[in-house]
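Good morning, and thank you for joining this group meeting. I would ask you to look at the model on the screen while I speak about its charged side chains.

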Amino acid sequence: MLFISPGYTTSDPDAIKNMMAGDRPQRPKISGPMGDLKSAYHGFTFGKGDEAVAAIGATVDSVTGEGDWQDQYDAHLARERADLDQYREERPIRSAVAEIAGSIPTALVAGGPATRGPMLVRMARGAGTGTALGVDYGFSSGEGGFGERVQNAAVPAAVGGVLGAGAPVVGQAVGAARNRYLLNKAAERAQSTPAAYTQVARALDADDALGPAASRRLADPDSMLADVGPAASGLVDLAVQTSGPAGGTARRAVEARVSRAGGRITQAMDDTLGRPGESSSRALVPYGDRTNPLTSLYNRAYAQPIDYTTDGARSIMDMVENRVPASAIKAAKDLMRTEGNMSKQMFAEIADDGTVTITRLPDVRELDYLTRGLQQVAKEADGKGAMGGTTPVGRAYGNLATEIRDTLKELVPEWGQAVGEARKLIGAKKARDLGRNDLFKPNMYREDLAPMLARMSPEEKAKVAEGVRMRIDETLANVKRTAADSDVQRKEAIKALKDMSSRATEDKLAMVVGRDKAARMAREIDGAAQAFELESRVATGSQTFTRKEGKAALDSLTNDGVVNAFRSGQPVNTGQRLVQALLGRTQADKQRINDETMSAVVAALMRRGPQARLTAQQMLDMTQRVDPGTQRASMLAEALTRRLAATAGSTTQPLR
């Protein structure tokens, strides 16, 4: 029979007999590398390596006909344990290190999940798990019968229980150390401090700073990281409420941004809507000019005589005598009287019963006002007809006014010229009012606006754009005026500005100036609104800080410091404040730390454009890696400590 074992081979019957009996024959000692390998394998199998090697050797021997499997198994097992004992005796430290190192892969795979809950509960569970693992390792490593194996498991069980209780503490410490390391590196890369980095990263995570909504808010080149959402802007608010230096930095940065936004939106209006007073209809309606450029034209027309011997003049008189109602003549008289253009004696008199008597031929002025009176009577019928239209009578009065006007234009060309210019003036005014008021109303639908614009001349469209500019200018002025008003008024003014960048308003403005120009105006308005929103938060926070800082300054005169506590007869507080002063945690120290942290927070949140997006990417990327990674590291360290506790306990004693 041939006895084979790693490092030893013999066919001597006496040697085999002695080996079977458990006697250790004289044989070469195992080398350092082989001892390391055996020890590591013993740890890898968690105390079952010698039995695994013995089982393999016995199986090979029985297959080759070398003897009974059980006898061979006992011989192989005795040889393996003799080698391990020898190596432990000769090199106790090296063998222990090798065995513990070998157990690490097993601990990584089979360490089990870390428990959760309060630390005391986790420590109790760790002690129980460590004890159980120690018993398992010690029992598997022991020799002899059940009693001897139990005795061999005592030390590993005790060591495993003690170290297992400390495993949660180790795991938490490892996780915290990893977290601190990564946090410091991340804060350094983001050019911030760890405390500020943590606060900003949490705010960005709450605002989903890498989501589509936040990305749109950061699309403006002048946008700030604080614009991503309410959590980030609220953090700026907290900074200016709790720190004077941070508040000052934020206020200056936001004020500079508001100033830039104002300049950009003004330039955008110049480029897309035209400069004030530079529309092509300026000669007709000067921007902001109250003078009436038609006065001289109408005065010249009114001075022209009417030749009533012509067919056209006789046609006008026939219409006046037979078709013009008394209400229109009365309206003309009232209008002339109101405007101070009353003739010395009106061409017609109206009796109490409504009868009209023509006393003389009307002049150009009287016929002009007569047509206006007819139009006024016709306008009163608007909306009273079927489906919201005019009435038949109103339509007839309107047609009659047009008929008289057309005939009078032929008789007096000067009057036709004045009317044409007036129509341009009225059209320009209506176009400007459309841009200033109606275009921004929700009930001005795009389907209704399109045909209105299609009927306008280029000059009138320019006046629509001019009206839009006037409305934006006025809204911006309202936002600036509300800076010192209540928060509600400020929010209402900013909302009015934001509404101007809505999709519907942009579409309507595109009908006036084109899609590209409308899109640019919408972007600039939206950017200005964001700037004003942040300015509003900073202004409110600064007012709060000023009040709190004033009160704190007064309180510190009588309450802060060791001397004040001693003079106030407060021995406990005196001792506390002395310790605070020695350890650098007085109220002044705390405020300084707060100022440094909040200043770093503001510095991060005030970053603009591409730098803001890069900061958000860096912070959230690191946050997503730190928290799960830290949890995994903590769980792994806890499980590894419990597992190694049992191995370490077993290596403190020889196999027996």
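I begin with a definition of accessibility: a residue is called buried under 20% relative accessible area, exposed over 50%, and partly exposed in between, computed with a 1.4 Å probe on protein chains only. Please note that this is a predicted model, in which local features need pLDDT of at least 70 and side-chain atom pairs count only at pLDDT 80 or more, while totals for chains, interfaces and linings use all residues. Residues are numbered from 1 along each chain as its sequence is written, and side-chain values use heavy atoms, with hydrogens and water left out.

With that scale, Arg-275 has 43% relative accessibility and is therefore partly exposed. Its salt-bridge partner is Asp-270, and the closest N and O atoms of the pair are 3.5 Å apart. By salt bridge I mean a side-chain nitrogen of Lys or Arg within 4 Å of a carboxyl oxygen of Asp or Glu. Asp-270, at 14% relative accessible area, is buried.

How many salt bridges does a search of the whole structure find? The search gives 30.

One of them joins Arg-608 to Asp-222, with 2.4 Å between the closest N and O atoms. This pair links distant parts of the chain, 386 residues apart: Arg-608 sits in the loop between α26 (587-605) and α27 (609-650), and Asp-222 in the loop between α10 (212-217) and α11 (230-242). The helix labels come from DSSP runs numbered from the N terminus, where helices are H or I of at least four residues and strands are E of at least two. Arg-608 is partly exposed at 37% relative accessibility, whereas Asp-222 is buried at 7%.

Lys-463 and Glu-466 both belong to α20 (residues 458-481) and are 3 residues apart, about one turn of the helix. Their salt bridge brings the closest N and O atoms to 2.4 Å. Are these two residues buried or exposed? Lys-463 is buried, because its relative accessibility is 1%, and Glu-466 is buried at 5%. Elsewhere, salt bridges with shared partners connect Arg-446, Arg-503, Glu-506, Asp-507 and Arg-515 into one network.

Finally, I return to helix α26, where Thr-597 is found. Thr-597 has a relative accessible area of 14% and so counts as buried. Which residues does Thr-597 contact, leaving aside neighbours within four places in sequence? They are Ala-195, Ala-196 and Gln-199, contact meaning heavy atoms within 4.5 Å.
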